[in-house]
Structures are given as C-alpha cells and as structure tokens.
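Biologist: Before I use the terms in your description, I want to see what each one rests on. Please show me the model first.

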Amino acid sequence: MTEITEIGIARRLPPAHILLGIDWQSKKRVFEQISIVFENTSGIAREQFFSVLFERERLGSTFIGEGGAIPHGRLGNLKEPLCALVMLKHPIQYGVSDDGGGAVQVLFFLIAPQEANDIHLCILGVFAEMLSDQQLINNLWQCAEPEKVQKIIANWEKEKGLSDGDKE
C-alpha cells in the first residue's frame, strides 16, 4: 500500500488548481469549470473530466457534510493524480438531502489514474480529514492567494505527520 507520506497534498495542488472566492451557481457549472482547469494543465479534453465527475456522482453524492464535498473519479489516460480546491463565494446545492446532499462551499477534487487504487483512497482520506478540521478551513477562508493556501496546507500536513516536509 502507498505510504501516506508520499501523498503531499500541497504539492498536488498547484496555484492554478486553487480557486478562491469563485461565484459559480451550480454543481454543473463548478464541474465544467474545474474540467477546463484540468484540461489546461494536463492536455486531456475537458469532456473526459466532466464525464468522470458526473458519472461518479450518479453512483452517490460526494457530499461529505459541513459544507464540503470531494468530487472524484478515475481516468484511464492519466499518469498522476490531479487535485484541485474550489472555495465558492456562496454555497450551492449539492445533490438532494435524501441521497446525502446539502449546501456546499468547499470542494476538493481528485481525478486519479484508473489503476491507482491506493493513492486514490489515501488522497480521499486526507481530503476528508482536511474538511473536518474547522481550524484549517477557517485559515483557508482567510487566504486571498493560492500560494498562501498551498503553504497553509503544507504546514497542516507537517503538523499531522502526513508530509516528509519537502514543501516550503
């Protein structure tokens, strides 16, 4: 199994994948826009990312409560996992309450290679832990720049023993 210290969430969240204070009004719009971000940094067509995200949602909502969601999926032609963070200006409805949905304002995205089971599960676990850490989320809300978010996450990883400290 992949060692969790190999994950390095902060280094998997480049500034171009950290979107703060975004004013998108629906889950569909968020998925469309993050798919464009992934396309721009990976060279893989946005339609593939969009399709993977919505197909996963059809299996069950990725809403995890407390205003957070972890949309994720797998893509066969991907070499490394792609991560993103979207912090919305206003909450959006995410799913329906009887399938585990609710209002969401913070979304961590993960698209992993098809065969990367261990790292996929490890990253999902770390994202869930991050979303449950209200102090971390409060600190992220104070950020106006993606680089600051990256630094806060790197420090959080070090404090939790989830990083080998290779990120400044």
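The questions below take the terms one by one.

Modeller: This is a predicted model, in which local features need pLDDT of at least 70 and side-chain atom pairs count only at pLDDT 80 or more, while totals for chains, interfaces and linings use all residues. Residues are numbered from 1 along each chain as its sequence is written, and side-chain values use heavy atoms, with hydrogens and water left out.

Biologist: What makes up the chain, in helices and strands?

Modeller: The chain has six helices and six strands. Helices (H or I, at least four residues) and strands (E, at least two) are DSSP runs, numbered from the N terminus. Along the sequence the pattern reads α-β-α-α-β-β-β-β-β-α-α-α.

Biologist: Why are H5 and H6 called roughly antiparallel?

Modeller: Helix H5 (residues 134-141) and helix H6 (residues 146-160) pack at about 160°, with axes 9 Å apart. Axes are lines fitted to C-alpha atoms, for helices over the stretch in contact, and angles run from 0 to 180 degrees between N-to-C directions. Angles under 35 degrees count as roughly parallel, over 145 as roughly antiparallel, 65 to 115 as roughly perpendicular and the rest as oblique. H5 and H6 are therefore roughly antiparallel.

Biologist: Which residues make the contact between H5 and H6?

Modeller: Leu136, Asn139 and Leu140 of H5 meet Val149, Ile152, Ile153 and Trp156 of H6; contact means heavy atoms within 4.5 Å. Six of the residues in this contact are nonpolar, one is polar and none is charged. Ala, Val, Leu, Ile, Met, Phe, Trp, Tyr, Cys and Pro count as nonpolar, Asp, Glu, Lys and Arg as charged, and the others, Gly among them, as polar.

Biologist: Why is Ile36 called partly exposed?

Modeller: Buried means under 20% relative accessible area, exposed over 50%, and partly exposed in between (1.4 Å probe, protein chains only). Ile36, in helix H2 (residues 27-42), has 22% and is therefore partly exposed. In the chain of 168 residues, 51% are buried.

Biologist: What makes a set of residues a nonpolar core?

Modeller: The members are buried Ala, Val, Leu, Ile, Met, Phe, Trp, Tyr and Cys residues joined through side-chain atoms within 4.5 Å. The largest such core has 33 residues, and Leu85, Leu140 and Ile153 are among those with the most contacts inside it. H4 gives the most to this core, with eight residues. Leaving aside neighbours within four places in sequence, Leu85 has contacts that include Leu140, Val149 and Ile153.
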